Amino acid sequence: MEPEKSSQTRQQTKLLDRRLFLGTSAPFLLDAATVRGSQANSRITLGMIGCGGRGTWIADLFQKHGGYQIVAAADYFPERLGPFSEKFQVPKDRLHSGLSGYQQLVAGKVDAVAIESPPYFHPTQAEAAVAAGKHVFLAKPVSVDLDGCQRVLQAGKNATEKKLCFRVDFQTRMDPMYQEAVKRSQVGDIGRIVCGEATYSCGPTWDRQAEFLLADPGNPEARLRAWGLDQILSGDVITEQNIHALDVACWILDAEPVSATGTGGRKARKAGTCWDHFSVIYRFPGDLLVTFCSKQLGQGWDDICCRMYGTDGTVDTHYFGEVSIRGKMPYKGGRMENLFQRGAAENIAAFHQDVLQGQCANSTVAPSVRSNRTTILGRQAAYRHSTVTWEEMMSRGETFDPRLEGLKA
Ligand SMILES: NC(=O)c1ccc[n+]([C@@H]2O[C@H](COP(=O)([O-])OP(=O)(O)OC[C@H]3O[C@@H](n4cnc5c(N)ncnc54)[C@H](O)[C@@H]3O)[C@@H](O)[C@H]2O)c1
């Protein structure tokens, strides 16, 4: 069972907490002059790029927020657009398919875009949206390679200069208990942090797509449908999925690692190119070691955890469990209820507020790029079964060739 998707299914059956949304109606009362691209008391018009599992699920949250109107959609596959258009009443002439569909979408009349496509496409689509004057709501990971990380960082800065909002959707960062535990750890409540661990354990994902891929391995559309099994399109499991755990590690330590020593491989997975387990030891400044391990296989243990051990206490965080501090200065914290949905809804609400209030500092971009690069450092070390330093990684650079031949423009 894969935590992201299984949770998604679970969460879909639960009703959203309306109080969350009622709390966001206040920005509509703001002066029209502060509203960029939207008229006061009107909704932010939104284009959805990528109408698969997450795109369709999150479109529902945007709609339930009440401050958005979904007016356009782009997806490589036209058959994904039909049901999306019906569900969200998107006019047929605002549906765009093929690899370049996003270009038509950003050229059209929308205030903002939500990018929920496979990660390889994120930098290009985000850049295009900012260039076209649109606010950007972007799914993690921001990029699969270093070049894309830099481009997203720059797109975030360009957005700020153009008075556009750019938000990356990490759910943990919106949670008050995560925020409190991180703050307390940073001001010394667990003493000097000596070492830590970050783990992401889940079952096999993409089983259905794997079947199609195995049946027709040379078909570029089968590969695109099964992008989560593809190292280039997804960035591999450590970047695409495990970033949730490593993002919390970088957040608590407020640093990037100095080096990583890694290994891993694939023993259970049959289709695609992604690995199914990683083991990486990160060395952070001050010789602080964080042991990371992940698996996307088997059954029986799912968790997204980041735990740091200090001289006076331990901060322990679980995306689907509890967040707490134990030790001399304990913090009871509590259980994460519905973080998968609540965190996304909070980001949607914060994005809305930022747009309406013209808050374009775009402070989620740089930390998201830092943790994205951290996953890439771990991936490079693991692929080489060796040690890679941050400096070496950054000076060498990295640009993936997506090999998109055979796909429709
Ligand atoms: N907890 C989270 O934050 C969370 C959870 C799930 C997924 N995600 C992220 O959301 C993104 C989408 O994941 P998903 O699970 O919805 O995948 P998905 O395969 O279900 O959906 C992706 C959609 O994008 C479409 N697509 C492919 N290439 C495209 C292109 N060039 N332009 C536009 N659309 C294109 C696909 O046809 C598909 O409909 C990923 O970045 C993933 O990491 C985040």
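Which order do the strands of the open sheet of six strands have? The order is β3-β2-β1-β4-β5-β6, and the pairing in this sheet is parallel.

## The model and its confidence

This is a predicted model, in which local features need pLDDT of at least 70 and side-chain atom pairs count only at pLDDT 80 or more, while totals for chains, interfaces and linings use all residues. Residues are numbered from 1 along each chain as its sequence is written.

The mean pLDDT of the protein (pLDDT being the predictor's confidence in each residue, from 0 to 100) is 91, and 90% of the residues reach 70 or more. Over residues 5–40, however, the pLDDT is below 50, and this stretch has 51 contacts in the model beyond near neighbours in sequence; two residues are in contact if their C-beta atoms, placed from the backbone, lie within 7 Å.

## The sheet of six strands

Helices (H or I, at least four residues) and strands (E, at least two) are DSSP runs, numbered from the N terminus, and two strands pair if DSSP finds at least two bridges between them. In the open sheet of six strands, β3 (95–97) and β6 (166–169) stand at the edges with a single partner strand each, so one side of each is left without a neighbour in the sheet. Neighbouring strands of this sheet are turned by 20 degrees against each other on average, direction ignored.

At one end of the order, strand β5 (residues 135–139) runs parallel to β6 and is joined to β6 by four bridges, and the bridge partner of A139 in β6 is D169. Helix α14 lies across β1 (44–49), β4 (112–115), β5 and β6, and runs at about 175 degrees to β6; here axes are lines fitted to C-alpha atoms, for helices over the stretch in contact, and angles run from 0 to 180 degrees between N-to-C directions.

## The sheet of nine strands

A second open sheet, of nine strands, has the order β14-β13-β12-β11-β7-β10-β9-β8-β15 with mixed pairing. Its edge strands are β14 (331–335) and β15 (387–389), each of which pairs on one side only, and the twist averages 15 degrees from one strand to the next.

Both senses of pairing occur at β7: strand β7 (residues 193–202) is joined to β11 by eight bridges and runs antiparallel to β11, whereas β7 and β10 pair in the parallel sense over eight bridges. On the β11 side G196 stands opposite M308, and on the β10 side S201 stands opposite K295. Further along, five bridges join the antiparallel strands β11 (residues 303–310) and β12 (residues 313–318), with D316 in β12 as the bridge partner of R307. Strand β13 (residues 322–327) runs antiparallel to β14 and has three bridges to β14; E322 stands opposite R335 in β14, and a hairpin joins the two strands through three residues.

## Helices that pack on one another

Helix α7 takes part in two of the helix contacts described here. Helix α6 (residues 122–131) and helix α7 (residues 146–161) pack at an angle of about 20 degrees, with their axes 9 Å apart, which makes α6 roughly parallel to α7. Angles under 35 degrees count as roughly parallel, over 145 as roughly antiparallel, 65 to 115 as roughly perpendicular and the rest as oblique. The contact is made by H122, P123, A126, E127 and V130 of α6 and by G148, R151, V152, A155, N158 and A159 of α7.

α7 also packs against α15 at an angle of about 175 degrees, with the axes 9 Å apart, which makes α7 roughly antiparallel to α15. Here L146, C149, V152, L153 and G156 in α7 meet V365, A366, V369, N372, R373 and I376 in α15. Helix α15 (residues 365–384) in turn lies across β8 (259–265), β9 (277–284), β10 (288–296) and β15 of the sheet of nine strands, running at about 55 degrees to β8.

## The crossing of α3 and α14

The axes of helix α3 (residues 53–65) and helix α14 (residues 339–357) come within 10 Å and cross at roughly 50 degrees, and the two helices are therefore oblique to each other. In this contact, I58, L61, F62 and H65 in α3 meet A344, A345, I348, A349 and H352 in α14.
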